[in-house]
Amino acid sequence: MKIFTYMLAGLLFGATATAQIPDYSQFKTDDEENNIEIFKSVSPSVVNITNSRLLRSFYSFNPQEVPQGSGTGFVWDKEGYIVTNYHVIQQADRVTVTLQDGTSYAASAVGVDPDKDLAVLKIDAPDAELVAVQPGDSLLLEVGRKVIAIGNPFGFDTTMTVGVVSALGREIDSVSRRKIRDVIQTDAAINPGNSGGPLLNSLGQLVGVNTAIYSPTGSSSGIGFAIPVNTVKRIVPELIAYGRVQTPVMGIRQIPQADYYRGQWGIEGVIVLDVFPGTDPERLGMRGLTRDQRGRIQLGDVIIEIDGQTVRNEDDFADVLEQRSAGDTVKVKTLRDSLIKEYEVELLSPRNR
């Protein structure tokens with residue numbers, strides 16, 4: 001206020017001296033210095049993602065490219081791999097990645113995981129233009145720690161917001177309706193267009209991928225969610241190598257609409273529909289659904305525990321298997337005819353199912 005007053009007075013009274021504007025860089029706090037440093041170092045890693053679909057014109061029947069939406073992503077490595085949310089590119093016929101310098105590249109999807117709302121794209125860009133993020137460790141996060149989000153909310157590119165970790169261990173639904181667990185909650189402003197962007201710690205390390213918000217209005221209400229980086233570090237290499245997550249399988253088929261039947265039968269666990277020939281479940285006598293002489297459905301095995309971890313539903317079942325690899329042997333407890341049965345089952349590669 002004093003600076004403005006002095007400058008105005010000089011104009012009014014014809015002062016010949018020019019008011020000196022102070023160097024505000026001298027007044028930056030340590031926290032501001034940290035924010036500025038992180039933005040300068042990480043923003044070149046953040047990209048804008050736009051997608052479009054080919055739709056046939058009602059009048060000419062010629063396909064037309066129609067913009068579908070936009071979001072954020074970030075450079076994973078110098079090979080040109082870009083990480084974003086699956087829902088950012090879902091149903092897209094064409095995806096374009098724009099780097100911070102404004103250069104745009106056509107992108108191809110090399111792997112997607114709808115269950116964790118993650119996708120990996122590939123662009124053909126020179127190494128010199130690609131600045132990769134540095135992954136951190138989401139297990140080191142604590143409630144109250146500062147976090148920074150960089151993204152493209154509402155089309156405003158390379159926007160930074162600052163907040164704290166509001167909570168840990170949250171659950172949100174993915175596009176496939178699977179639960180994403182151990183999600184980070186933050187009050188750093190996240191809006192439409194931020195999806196797929198990085199959530200960073202005070203060292204500028206990636207700690208999460210901004211994915212969803214809780215909001216009655218569709219804009220930030222101070223409750224945003226990010227997929228933890230430890231999940232990202234596990235999934236992204238598999239998407240790059242195989243195009244999908246290599247979660248091992250047990251050799252059973254699960255019953256569809258399982259929640260409905262669990263409610264009907266008043267049980268918890270994974271209901272075995274049937275077993276695949278040549279697998280351990282078949283050899284060891286695990287049994288799926290059968291019908292009695294009157295045609296009534298009879299329950300077989302219901303999986304209730306794997307390696308000591310309680311299995312209440314398909315989400316629990318998948319969470320356990322995601323932590324294992326093909327070739328691992330797991331101890332499985334099931335309930336059949338009110339009796340507990342135990343099996344030792346070797347997990348199989350999903351490519352062999």
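These exercises with worked solutions concern a predicted model of a protein.

**Exercise 1. Overall make-up**

Find how many helices and strands the protein has, and what share of its residues is buried.

Solution. Start with the secondary structure, which comes to seven helices and 20 strands. Next take burial: of the 353 residues in the protein, 41% are buried. Then turn to contacts with a sequence separation of 6 or more; 59% of them join residues 24 or more positions apart.

**Exercise 2. Helix α4**

Compare the span of α4 with the span expected at 1.5 Å a residue, then state which of its residues are buried and what covers them.

Solution. Step one is the length. Helix α4 (229–242) has 14 residues, and its first and last C-alpha atoms are 20 Å apart. That is close to the expected 20 Å.

Step two is burial. The buried residues in α4 are V229, T231, V232, I235, V236 and L239. In an α-helix there are 3.6 residues a turn, so residues three or four places apart point the same way.

Step three is the cover. The elements over the buried residues of α4 include the strands β3, β5 (104–113), β6, β11 and β12.

Step four is the end of the helix. Just after α4, G243 has a positive phi of about 90°. R244 lies in the loop between α4 and β13 (252–254). Because its relative accessibility is 35%, R244 counts as partly exposed. R244 and A119 are 125 residues apart along the chain, while their C-alpha atoms are separated by 9.3 Å.

**Exercise 3. The largest nonpolar core**

Determine which residues touch the most other members of the largest nonpolar core, and which element supplies the largest share of this core.

Solution. The core holds 20 residues, and the ones touching the most other members are F74, W76 and V232. At least two residues come from each of β3 (81–84), β6 (118–122), β9, β11 (206–213), β12 (224–228) and α4. The largest share, five residues, is supplied by α4.

V232 can now be followed through its contacts. With neighbours up to four places away in sequence set aside, V232 is in contact with W76, L118, V209, I227 and P237. V232 is also one of the buried residues in α4.

**Exercise 4. The second largest pocket**

Describe the second largest pocket by its volume, its lining and the elements that contribute to that lining.

Solution. The volume is about 400 Å³. The lining has 18 residues, and R181, D182, P228, N230 and T231 lie nearest the centre of the pocket. Two or more lining residues come from each of β8 (159–173), β9 (179–186), α4 and α7 (314–322). Strand β9 gives the largest share, five residues. By residue class, the lining divides into six nonpolar, five polar and seven charged residues.

Now consider α7, which includes D315. D315 is classed as buried because its relative accessible area, 14%, is under 20%. Beyond residues up to four places away in sequence, D315 touches R178, K179 and R181. R181 is also among the residues nearest the centre of the pocket.

**Exercise 5. V42 at the end of α2**

Locate V42, classify its burial and list its contacts beyond neighbours within four places in sequence.

Solution. V42 belongs to helix α2, which covers residues 30–42. With a relative accessible area of 6%, V42 is buried. Its contacts, leaving aside neighbours within four places in sequence, are I150, L200 and G204. The C-alpha atoms of V42 and L206 are separated by 9.4 Å, and the two residues are 164 residues apart along the chain.

Definitions and conventions
Residues numbered from 1 in each chain as written. Predicted model: local features only at pLDDT ≥ 70, side-chain atom pairs only at ≥ 80, totals over all residues. Heavy atoms only, no water. 1 Å grid on protein atoms, 1.4 Å probe; cavity = no way out; pocket = protein on both sides within 12 Å on 5 of 7 lines; lining within 4 Å. Points joined across faces, edges and corners; volume = space filled by probe spheres on them. Nonpolar A, V, L, I, M, F, W, Y, C, P; charged D, E, K, R; others polar. Core = buried A, V, L, I, M, F, W, Y, C linked by side-chain atoms within 4.5 Å. Buried < 20%, exposed > 50% of the residue type's maximum accessible area, 1.4 Å probe, protein only. Contact = heavy atoms within 4.5 Å. Expected span 1.5 Å × (residues − 1).
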